[in-house]
Amino acid sequence: MPARRISVAPAEVLREGFDAVRRDAGVPEAFPVEVEADARRAASRTAGLGERVDVPFATIDPPGSRDLDQAMHIERSGEGHRVRYAIADVGAFVAAGSALDRDTHARGVTVYAPDRNTPLHPLALSEGAASLLPGEWRPAVLWTLDLDGTGELVATHVARADVRSVAQHTYADVPAELATLLREVGERRLALERARGGVRLDVPEQEVVKDGGGWTVHYRVPLETEDHNAQISLLTGMAAAQLMLKTGIGILRTQPPPDERSLNFLRHQAQALAVPWPQSLSYPEFIRTLDPSRPAHAALMQEATGVGRGAGYTAFDGSPPADPEHFAIAASYAHATAPLRRLQDRYVSECCLAACAGTAPPDWVRAGLAALPDAMVKADHRARVVERGIVDLVEAVLLEGREGETFDAVVIDEALVQLRDPAVRGRIAKHGPEPGTEITVRLDRADPAARTVDFSVA
């Protein structure tokens, strides 16, 4: 998607605006002194909890990343593959009941923003001793996943290990040998995903970057390596779900099917962006027709993420839940691969380690499971409020100074319109045209301080 220059965007407007978004969302800032002290003490421990596994792991992350949760090694095995996936062993550093442990439960997740991130763990751990940085031996939860010639999982093993990454790559510079193996596994897993009816949203990332004295906003289309890398994470999460379901204790990421209103809402949005959606095409099939390199499709894919907002966390202890499925993945699934950035992944690691060892999870896991879904919902909500607030701010800055101009739009919900260009949503007066109506609207207000844009029917 081509970049658009924001009309009036001094650097101070966005910097102060981002800080205000975080304050309004209640994002915690500096770590308490005792939490930082806990983290430093934990980081000073050098002994791992497992045997050394000396294979050439590598990490693949966005440029500049330091909180490295995952390192992989892939090799062919007969007609299939063996995937070794090392996940940062946060449980080796965080003592149950410590100040650090209590603080991570309060934070829940790392909160991301264009200017800076607010980490789940102090940097001594998240970007230091617990991060799978290249050239360093690190404690890890090591998943060994054997796949057959179609990409189906045929064997799973999880154990603690000490591992060493030999290289840190970005999605754009994965070396040819690893990229080939990753593509082989990724394409097979994508074929299985399509066959079971999974929904894959290649949502472009909206980036706000400084350009001279102003700012531009554009969408970054995911690279092929990102899709294939995501399949390794999904594979691990599905394997984790199966282990926990078999032993009757754990926490899943679950999602019911979307209701008819949500699908109709998305159909109106597709109409607004002039993207055909035949009635005969199911939601998963339609999503697979979208091309993220096309502006209208990219905007629609961003809006399609709203269809899955019924996703939640389901903890269980004693028997599997009645509805363990995740609609978009079309399988049972658990977040398992980002414990440096998401609290509940530490619980999943411990449950799966116990399942493979034939033992019970640690007492703190069982004691904390019941309250974990609520804690994660609150943390995820905070992160979404920040994400939405930043989008609202950027939309307002994008349109500031264009008051009085008219735009083609469609009503996508009561009093809510979607512009054709730029891809902005805004409010109009209630009791206006019905959803699905194509209209022309006039921009009445674009207020970056209030992070709002208002329109009226022209």
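The chat below walks through a predicted model of one protein chain.

User: What are the ground rules here?

Analyst: This is a predicted model, where local features need pLDDT of at least 70, side-chain atom pairs count only at pLDDT 80 or more, and totals for chains, interfaces and linings use all residues. Residues are numbered from 1 along each chain as its sequence is written, and side-chain values use heavy atoms, with hydrogens and water left out.

User: How many helices and strands are in the chain?

Analyst: The chain has 12 helices and 18 strands. Both are DSSP runs, numbered from the N terminus: helices are H or I with at least four residues, strands are E with at least two.

User: And how much of the chain counts as buried?

Analyst: Of its 458 residues, 52% do. Buried means under 20% relative accessible area, exposed means over 50%, and partly exposed is in between (1.4 Å probe, protein chains only).

User: What share of the contacts is between residues 24 or more positions apart?

Analyst: Such pairs make up 71% of the chain's contacts with a separation of 6 or more. Contact means heavy atoms within 4.5 Å.

User: Let's go inside. How many residues are in the largest nonpolar core?

Analyst: It has 58 residues. Met72, Ile74, Trp143, Ile232, Met244 and Val348 have the most contacts inside it. Another core lies apart from it, with 26 residues, among them Val55, Ala99, Ala129 and Ala130. A nonpolar core is a set of buried Ala, Val, Leu, Ile, Met, Phe, Trp, Tyr and Cys residues joined through side-chain atoms within 4.5 Å.

User: What is Trp143 in contact with?

Analyst: Leaving aside neighbours within four places in sequence, its contacts include Val83, Tyr85, Ile87, Val158, Ala239, Leu243 and Cys352. Arg84 and His157 are also among them.

User: Switching to helices. Which residues of H2 are buried?

Analyst: H2 spans residues 33–43, and Val35, Ala37, Asp38, Ala39 and Ala42 are buried there. The buried residues of H2 pack against helix H3 (99–107) and helix H4 (123–129).

User: At what angle do H2 and H3 cross?

Analyst: Roughly 115 degrees, with the axes coming within 8 Å. That makes H2 roughly perpendicular to H3. Axes are lines fitted to C-alpha atoms, for helices over the stretch in contact, and angles run from 0 to 180 degrees between N-to-C directions. Under 35 degrees counts as roughly parallel, over 145 as roughly antiparallel, 65 to 115 as roughly perpendicular and the rest as oblique.

User: Is the crossing of H2 and H3 left-handed or right-handed?

Analyst: H2 passes H3 in a left-handed crossing. Left-handed means the near helix is turned anticlockwise from the far one by less than a right angle; right-handed means clockwise.

User: Which residues meet there?

Analyst: On the H2 side, Glu34, Val35, Asp38 and Ala39. They meet Ala99, Leu100 and Asp103 in H3. By class, this contact of H2 with H3 has four nonpolar, no polar and three charged residues. Ala, Val, Leu, Ile, Met, Phe, Trp, Tyr, Cys and Pro count as nonpolar, Asp, Glu, Lys and Arg as charged, and the others, Gly among them, as polar.

User: What about H5 and H6, how do their axes cross?

Analyst: The axes of H5 and helix H6 (residues 224–247) come within 8 Å and cross at roughly 65 degrees. H5 and H6 are therefore roughly perpendicular to each other. Their crossing is left-handed. The residues of this contact of H5 with H6 divide into seven nonpolar, five polar and six charged.

User: Where is Gly186?

Analyst: Gly186 sits in helix H5 (residues 176–196). It counts as buried because its relative accessibility is 0%. Not counting residues up to four places away in sequence, Gly186 touches His228 and Gln231. Its C-alpha is 9.4 Å from that of Glu224, 38 residues away along the chain.

User: And Met376, buried or exposed?

Analyst: Met376 is buried, at 0% relative accessibility. Its helix is H12 (residues 372–399). Met376 and Tyr313 are 63 residues apart in sequence, yet 7.6 Å apart in space, C-alpha to C-alpha.

User: Last one. Which loop holds Ala330?

Analyst: The loop between strand S12 (325–326) and strand S13 (331–332). Phi of Ala330 is near 60 degrees, a positive value in a residue other than glycine. Most residues other than glycine have a negative phi. Ala330 counts as partly exposed, at 24% relative accessibility.
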